[in-house]
Amino acid sequence: MSRTTTIGNMTGFDGMVFGARRAFLHWSSQLRPIGGAGARHAAGLATATLASALLFGACPALAQDLTFLDPAGPIARSELDHFWRIALISSVAVLPVLLLLPLIVWRYRAGGKGAFRPNWDYSRQLEITMWGVPIVIVAILSVQLVRNTLELDPYRPLASDVPPLQVDVVALNWKWLFLLPEYGIASVDSLTIPVDRPVEFRLTSDSTMQSFMVPALAGQIYVMPGMETRQNLLADRQGLFVGRNTQFNGPGFAGQSFALQVTDTAGFEGWVSRLRQDGPVMDEAAYALLATPGTAKDLSGMRWLALDSGGAFGFAAYPDGLFDRVRQRYMTQLPVGPAEQPGSPNYAPEGARQKDSQHD
Amino acid sequence: MYIALAFVMMARAIAEAAVMRLQQALALDGGFLSEAHYAELFSTHGTIMIFFVAMPFVTGLINIVVPLQIGARDVSFPLLNSISLALTAVGAALMMVSLVIGDFSTGGWTGYPPYTGIVFSPGEGPDYWIWAITLSSVGTTLTGINFAVTIYKERAPGMSFMRMPMFTWTALCSAILMIFALPPITAACVMLALDRYLDFHFFTSDLGGNMMNFANLFWLFGHPEVYLLILPAFGVFSEVIATFSGKRLYGYASLVAATMCIAVLSFTVWVHHFFTMGGSPYLNAVFGAATMTIAIPTGVKIYDWMATMYRGRIRLTVPMVYALGFMMLFVIGGLTGIQLANPTISYQVHNTLFLVAHFHNMLVPGVLFGMLAGYTYWFPKVFGFRLEDRWGYVAAYGWILGFMLVFFPLYVVGLLGMTRRTYDYTTAAFQPWMIVSAVGAGVVLFAFAALVIQLVRSIQGRSALADTTGDPWDGRSLEWSIPSPPPAWNFAVLPEVKDRDDFTRQKEGGAAWNPAAQYDDVELPRNRAVGVIVFLTGTLLGFALVWHVWWMAAAMLAMIVALVIWIGFQGISTETVSAARVYSVDCDFLARKRAALGKSAASGVNTVDPVGRARA
Amino acid sequence: MTLETGRKELRLYVIGFALAATLTAVPFAVVASGTVPRDVSGWVIALCALLQAMVHFRYFLHIDFSRQKREDLQLVLFSVLLLAIMAGGTIWVLANLSARMMP
Amino acid sequence: MTQDAPRHPGLNLGRHHPEAHAENEKLMFGFWVFLMSDLILFGIVFATYASLTNPMGQAGGPTPRDVFSLTSAAMQTAILLLSSFTFGLASLALKYRQPSLRAWLAVTLLLGLAFLGLELRDLVQMVADGAVPQRSGWLSAFWVLVPLHGLHVAAGCLWLAVMLVQVTLFGLTTQVSTRLARLSLFWHFLDVVWIGVFSVVYLGGLA
C-alpha cells in the first residue's frame, strides 16, 4: 500500500479544512479594528485558532490500513473519484462565500469605506446569477450523480473473464459468517479472496438489521433478517483490508469487524485447502453456538480452526443450504419467538437447551 | 391585573427556558463526560437534542416573536398553546424520569427496529423513547396548527403575506412542516409500540413484518424535521443580518420563494437516509437528485444574506457573530451534504462519523447558532434588559471554535472508516483526531458555561443594561415599536402596516411613537390550569405505559377525555383591560421614549383626548 | 328569500347524496358481480373513490373555486399533494425494496 | 374583521349570527388544518396497509377473501353515507333555526352507533376466525387502519352526544353553533376517509 497515494488523496481534504480555517482566521483578524469589546475577544480567538491549527498539524500522517481514501478496487476508486469531483464542482458555489463574506464584512463594517445604500434590496442581474448558477451546478452534479449511481449499483454483476466468486454472508451478533458454496467451506470474521476476480456477495442476517461494509473495495449495504441483499466487488490489489458492521446492534457492535485478505490465486487456493484439511465440520449445533450473542473472541476457546489472533476461525464444511434456511426461517407461516432468534438476549437454541438440561 | 398576566407569561417563558437549559446541559454532559452507558448516552443525546432542545427552542422563539412581528395580541389559541407546551414537557419529563427509574433505549435517536423490538430489547428503554416522542409529537402537531392559524388569521391590518417579516415567513413554513411531517413519526411510534406491547407485526422479522417501513416512516418525518428546525434559524439570521447591516433585506421575494421551495422539497428527499438499504439505482438516483435540488434555494439564501450585508453598515454584535460563523461553517456542511446526496458516496460514508460531522455541521451552526442569535437578539424585548456583551462574545467565539475543533476531525476519521456509535476502536490512526475532538468538546462546554455566566451577570447588572426604549438595536419590524417587555396586550392599538419594514418606515417618516387617535378596550384570555393538568396526566400516562401499569394508564386516558368534555362546557373566559388603562400605559411608554430620544416630552402627546373617544 | 336559498341548499345536499350513493354502488356492484377482470375493477374502484371524494368536498364540505373559499381549497390541494408524495412514495419505495430483497 | 369578511365554507350559521362568522374564521380554519394533518396520518396508515397487502405480509395467514364480507362493508358504507346526509340536514336546520335540528343530530348519532355496531360485529367475527392482529403483518395493518377510523367515529359520536346536551342546556349560542359547524366538518371528513377504507381495504381486497 503506497503512502504517496494516501498523502496525495489527503491534500485535497486537508486543503478544504485548512482553507476554511484560514478564511476564519482571516475573518477573525478583521474584527480587531472594529473596536469595542470585539477586538480583545478576536485576539483571543485568533490565538485559540492558531492553537487548534497546531493541534491539527501535530496529528501524525495517516495510518497504513487506510480504507475509503486508499481504494483497492475499481468500485471504491470510482466512488472516491466521484467524491472529489463532487467536492470540486460544488466549490464553485461554496468558495465565493468563504472568500467574499470576510471581504464584505471588512468593507462594509460600521465606519468602513463601503458606501451605505440602506434601500438597495434588489438587482435583477444578481437575482438571475444567484438562482442561475446553483441551478446549473446542481444540473451538472445531478448528471454525474445519475451516471455514477447507475454504474455502481451494488447488485450489478461486474464484467470479467473469470466467473465471480460466490460468497454468502450471514450477519450474526456480533460476527460475520462467510459461506463459500463453490468450495463448501465457511469462515467467521475472516475471508480471503483472489485478486482480480469479481466477488458476488449474497447477504442476510440472522439477527437485527446490520450494514456490511468493506470501504477499500466498495461501500456498504444493509443486511436484514428474512431478506437478501447483494454486493458485487472486485479487488485489483493485494493486501489486508478491514470490513465491518456499521449499524448499531448492541454491546458487541464496536468489535464486529472482519479481516479481508486479498491474495493471488495461489494464496487463495492455499487458504481454501487449509480450511478443507484442517477445519472442523460445522454442524447445526456449532451454528447455534455461533449464532449466540457474543463476539468471535468469546468463542476462542472452541477447538475450531483459528485463522488469526483476533478470534477468526474457519470450517471445512457447513450444513447444506444454510444460507437459504436462515433466510427462510423468517418467511414461514409460524412465529419466530425470541428463543429462536439469534441475537436476542433470550436466544435459547435447541442444542444449548439440551446441554443445560444435561448439566442439571 | 396586567402585571399578573405579564408575570404568568414571564414565568412560562422562564419555565420554558429552564427546561431547555436543563436538557441542553444534560445532553452535553451525556455526550462528552461519561463513557459507561455510551449507547444509552448517544440515544438520549440525540433524542433530547432534537426533540427537547431544538424543538422547544424553535417553538418558544416563534411563540414569543411571531405575534409581536405580525402585530397580534397573542397566538390564535392560547389554551391549545398551553396544552402543546404541556405535552412537550411530558416528553421531557419522561426523558428525565428514565434517568432515575429504569434504563433508556440504546437504539439511537432513530430507534430502528427490529433492534428496538421486543425480541432484541425486552427492557423498558425503547418504551421510554416511544412515549416521550409520541406524546411530544402530538403536542408539536397542535403547535403547528396554532402557529399556522395565527399567521394566517391574526396579521395586523395591511400586513399582506409579502409584507411579513422573514422570521414570520419561516415560522409559517415551519408550522406547515409541523402539521404535515409529524403524523408519520406518531404513526411509526404507535406501530412500534403495538409490536412491542401487543405482539403486532409491523416491523418484526417474522410473520410478514417489514422493518424497512420503519426507516421509511421515520425519515418521512425525519427529513422535514431538520428543515422544520433550520428554517426558523434562517429566519432569525434574516432579521439579524438586516438589522445589523442597517439595511433592507436583499431579495425578499427570493428569500420567500426559497423558503417555500425548501419546505416543499423537504418532503421529497427522505430516501437519502437509506440509500444503503439496497433500493434500485433508479430509486436512489431520483431521490439523490431531489436532495441536491434543495441546495439551490439554500444557496440562494446564503447569497441573499451576503447581498444584504453588501452596501450596508455592519455592526458586529453578538447575534451578528453567530450569523457570520453560521454562514462560513454552514457552506462547508452544505458541501458535504451535496456529497452525501450521492448514493455512491453515501455507500461509503453512511453510518460513519463523516455523516455525524455533516449533520452536526448543519444543526449546530444552522439551528443552534440561529437560536442563540435569536435569544440574544430578542432577549431585551422579552425581559426589558439586554444581555451583557463580554460573555456573549466569549460564548459566541467559543461555540464557533469549539464546533470546528469537535467536528472537523470527525470528517477525517469518518473518511478513514470510523463508524458512528462505537464506544471504542482499535485503529490507532483515529486517536489523535479524537483527542482534538475532545478538546473541542471542552471548548463547547466552556462556551455553554459562558452563556450561563452571561445570563447571571446580565440579571445582576440589569439596571445598567435596561432597555427603556423598546428598540435597543434600531430594529426594523413591529416588535421594536412597543415597550420591552411588552404589555400583556402587546400593542396598545393594532398597527396599520404599509411596508415590509414598517417600523423603519415609521421611524424615517417621523410616524413612530405617536399616540393613537383612539384606544379601545382589550380582551385577554384568562389563564387556566388546563396546561398543568395535561402535564400531570400526560406524564403519569406515559409512565404507566412504560411500566405496564394498566389501571393508571386507563385512568389517565379517561381523565383526559373527561377534561376535554369539561373544557367543552366552559365558556371562553376573558378579561377586559380598559381603554384608559391601555392609554395610560402607552403614554408612559411614549413619554419615556421621547425623553430617551431627547425630544420635548410635551409635544403632541396630549393634544388629543383618546380616552374620550374610546368606545368604553 | 331565506326559504328559497334553504331549498336550494337542500337540493345541493340531495344531489351530493345521490351522486355519492351512485359512486358507491358502482364499484360495489363491479366487485359483487365477480365477472370484471381484476385490473379493470381496480381502476373502476380508484376512479369512483376519487370522484366520490370530490363530490363530498364539493357538496358536503362546501369547497369550491369561489374566491372566499380559495384559502381552504389551497389548503386541501396542498395536503393532497403531500399525501400523494408521502403515501405514493411509501408504496413505491417499499415495493422497490421488497422486490430487490425477496428473490 | 368586518361582517363582510368571507364566510367560511361549511359554516352554515345563517344571518342570525353575523358576528359568529368573524369569530369563527380562525376556529374553522384551524379545524381544517387539523383535519388535513389527520388526513396525512390516515394516508400513512393506508400506505403501510398497502405495502403489507401481499403474500409476504400475509405470511400464509388469512387473506382478504377469507375474512371480509362484502355485504357487511356495503351496509356500513350505506349507513355512514346516510349519516353524512342527515348531518347535512342538521346543518341546514341549524342555519335556518328549524326545530328539527336536535332530531337530525339524534338520527345521525344513531346511525353512527349503528355503524360502530356493525364494525364491531365484523371485528369480533374476525377474532373468532383467528384473524387477529398477531397473525400477520397485513392483519396488524388492518387492525390499526379500520379501528383507527372506528375510533374517530366513536369520538364523533361522543362529541355528538355532548353537543345534544349542550344544545338542550345552552340553546343555540354562538359557541354551540360553531362547535356544531366544526363537528359537521369532522363528520363529513370521516365519511371521506371511509371512501378510502372501503375502496382500498374491502373492495381492493375482494376484487
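**Note on the predicted model: chains A and C**

1. In this predicted model, the C-alpha centres of domain 1 and domain 2 of chain C are 22 Å apart. Domain 1 of chain C covers residues 1-62, and domain 2 of chain C covers 65-103.

2. Helix α2 of chain C spans residues 38-60 and includes C:Leu51. C:Leu51 has a relative accessibility of 38%, so this residue counts as partly exposed, the range for that class lying between 20% and 50%.

3. C:Leu51 also belongs to a nonpolar surface patch, together with C:Leu47, C:Leu50 and C:Met54. The accessible area of these residues together is about 410 Å².

4. Chain A contains 8 helices and 12 strands. Its length is 360 residues, of which 53% count as buried.

5. The average pLDDT of chain A is 82, and 79% of the residues score at least 70. Residues 1-45 of chain A have pLDDT below 50, yet this stretch has 77 contacts in the model beyond near neighbours in sequence. At residues 353-360 of chain A the pLDDT also stays under 50, and here the model has 2 contacts beyond four places in sequence. Where pLDDT is low, predicted coordinates should not be read in detail.

Key:
Residues are numbered from 1 along each chain as its sequence is written. Chains are lettered from A and ligands numbered from 1 in the order in which they are written. This is a predicted model: local features need pLDDT of at least 70, side-chain atom pairs count only at pLDDT 80 or more; totals for chains, interfaces and linings use all residues. Side-chain values use heavy atoms; hydrogens and water are left out. Helices (H or I, at least four residues) and strands (E, at least two) are DSSP runs, numbered from the N terminus. Buried means under 20% relative accessible area, exposed over 50%, partly exposed in between (1.4 Å probe, protein chains only). pLDDT is the predictor's confidence in each residue, from 0 to 100. Contact means heavy atoms within 4.5 Å. Domain bounds come from an automatic or database domain assignment. Patches are made of residues with over 30% relative accessible area and no salt bridge: like charges are joined within 9 Å, nonpolar side chains (Val, Leu, Ile, Met, Phe, Trp, Tyr) within 5 Å. Accessible areas come from the Shrake-Rupley method with a 1.4 Å probe; for residues, only the protein chains shown count as cover. A salt bridge is a side-chain nitrogen of Lys or Arg within 4 Å of a carboxyl oxygen of Asp or Glu.
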